[in-house]
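Here is a short report on a protein model.

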Amino acid sequence: MPRLRPHHIREPRPAGFWPLAIVFGLFVLFLYGPMITIFVLSFQGPDGGLTFPLRGVSLHWFRQLAQGLGTVDIGAAFRRSLLLGAVVMLLTVLLSVLAGLAYRKKLRGGDALFFVTVASLIMPSIVVSLGIGLQFRLLDTGLKALLAAIGAEGSLESYGTALGLLTSALGAHLTWTLPFGLLIMFAVFNRFNPAYEEAARDLGATPWQAFRHVVLPLIGPSIVGIGMFGFTLSWDEIARTSQAIGDVNTLPLELQGLTSTVTTPAIYALGSVTTVVSLLVMGGTLAAVALLRRRATARPRH
């Protein structure tokens, strides 16, 4: 006869469970409460205001956002932020992977280079932005002096500034995203087993083939994570962009400026849209990581 298993006896919760649960609940409410509030208020009716109570439910403020908010071109700022975020993401992934591969071997001066790279994390963001802006203004002065010295009057008259979206702003964002990418790749390669590469080399694979077919699939989820970090950190960055972007603005800078001029829930609608973009990026990242892991663990069918 089969042995009868005793019914599961639920153990009493420890005395500290409920106080810790209350603290955790308050923390979650503090963390996500503002975002939920913005989402709710952005769906108000035409008579809605910036505070509760909610006055109707509609998509009125999203339609107004699509039509534009005064003289601010939200669409252009949105496209600039997407472009900058995509370029930052690609460069962060590329440079982080290359640095991770390079640091697998002993590098002369590697420790100093690493500390210089991550030093930007401990510098105040506004100071980094001011420094980059000043550096590019000095570059402008030098280039204008050079053009004047060589008699290139036409180029001198048409020259504006080297400050821009894909120059100074890109550099400012990379000072923020690259240290995170490097730290992730160093952690990945510190626990990477080189025996897999050695086995591939023993079977006749070239270094590139070993990287493409062995190393890259194993570190693929981490690369996707670095890409998510790069895009999301760039997408909502304000302080490092403010003094280093020149004559144009990204979407977060436009949003910051609108907070002092727009007094309708349209500002909440814009905040909801930017948040949804970040959530979509994170969701796509998690889906890509899950797909890569599924492929890595899949077994060939015979």
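## Overall form

The radius of gyration used here is taken over C-alpha atoms, and the globule rule it is set against is 2.2 Å times the number of residues to the power 0.38. The model is predicted. For 302 residues, a compact globule would have a radius of gyration near 19 Å. The protein chain has 26 Å. Along the principal axes, its C-alpha atoms fill a box of roughly 100 × 65 × 45 Å.

The secondary structure comes to twelve helices and zero strands. Read from the N terminus, the elements run α-α-α-α-α-α-α-α-α-α-α-α.

## Contact of α3 with α11

Helix α3 spans residues 74–102, and helix α11 spans residues 251–258. Their axes come within 8 Å. They cross at roughly 140°. Angles over 145 degrees count as roughly antiparallel, so α3 and α11 are oblique to each other.

On the α3 side, the contact residues are Ile 74, Ala 77, Phe 78, Arg 80 and Ser 81. They meet Leu 251, Pro 252, Glu 254 and Leu 258 in α11. By class, the residues of this contact divide into six nonpolar, one polar and two charged.

## The largest pocket

The largest pocket holds about 560 Å³ of space. Its lining has 21 residues. Nearest the centre lie Asp 236, Gly 271, Thr 274, Thr 275 and Ser 278.

Which helices supply at least two residues each to this lining? They are α1 (17–42), α9 (207–235), α11 and α12 (266–297). Helix α12 gives the largest share, nine residues. The lining has 13 nonpolar, seven polar and one charged residues.

## The second largest pocket

The second largest pocket has a volume of about 290 Å³. Its lining includes Leu 101, Ala 102, Arg 104 and Lys 105. Glu 197, Glu 198 and Arg 201 also line this pocket. So do Pro 207, Ala 210, Phe 211 and Val 215.

Two or more residues of the lining come from each of α3, α8 (195–202) and α9. The largest share, four residues, comes from α9.

Helix α11 meets α3 and supplies residues to the lining of the largest pocket. Helix α3 also gives residues to the lining of the second largest pocket. Helix α9 contributes to the largest pocket and to the second largest pocket.

Definitions and conventions. Residues are numbered from 1 along each chain as its sequence is written. This is a predicted model: local features need pLDDT of at least 70, side-chain atom pairs count only at pLDDT 80 or more; totals for chains, interfaces and linings use all residues. Side-chain values use heavy atoms; hydrogens and water are left out. Axes are lines fitted to C-alpha atoms, for helices over the stretch in contact, and angles run from 0 to 180 degrees between N-to-C directions. Angles under 35 degrees count as roughly parallel, over 145 as roughly antiparallel, 65 to 115 as roughly perpendicular and the rest as oblique. Contact means heavy atoms within 4.5 Å. Ala, Val, Leu, Ile, Met, Phe, Trp, Tyr, Cys and Pro count as nonpolar, Asp, Glu, Lys and Arg as charged, and the others, Gly among them, as polar. On a 1 Å grid over the protein atoms alone, a cavity is a set of points where a 1.4 Å probe fits but cannot get out, and a pocket is an open set with protein on both sides within 12 Å along at least five of seven lines; lining residues have an atom within 4 Å of a point. Grid points are joined across faces, edges and corners, and a volume is the space filled by probe spheres set on the points.
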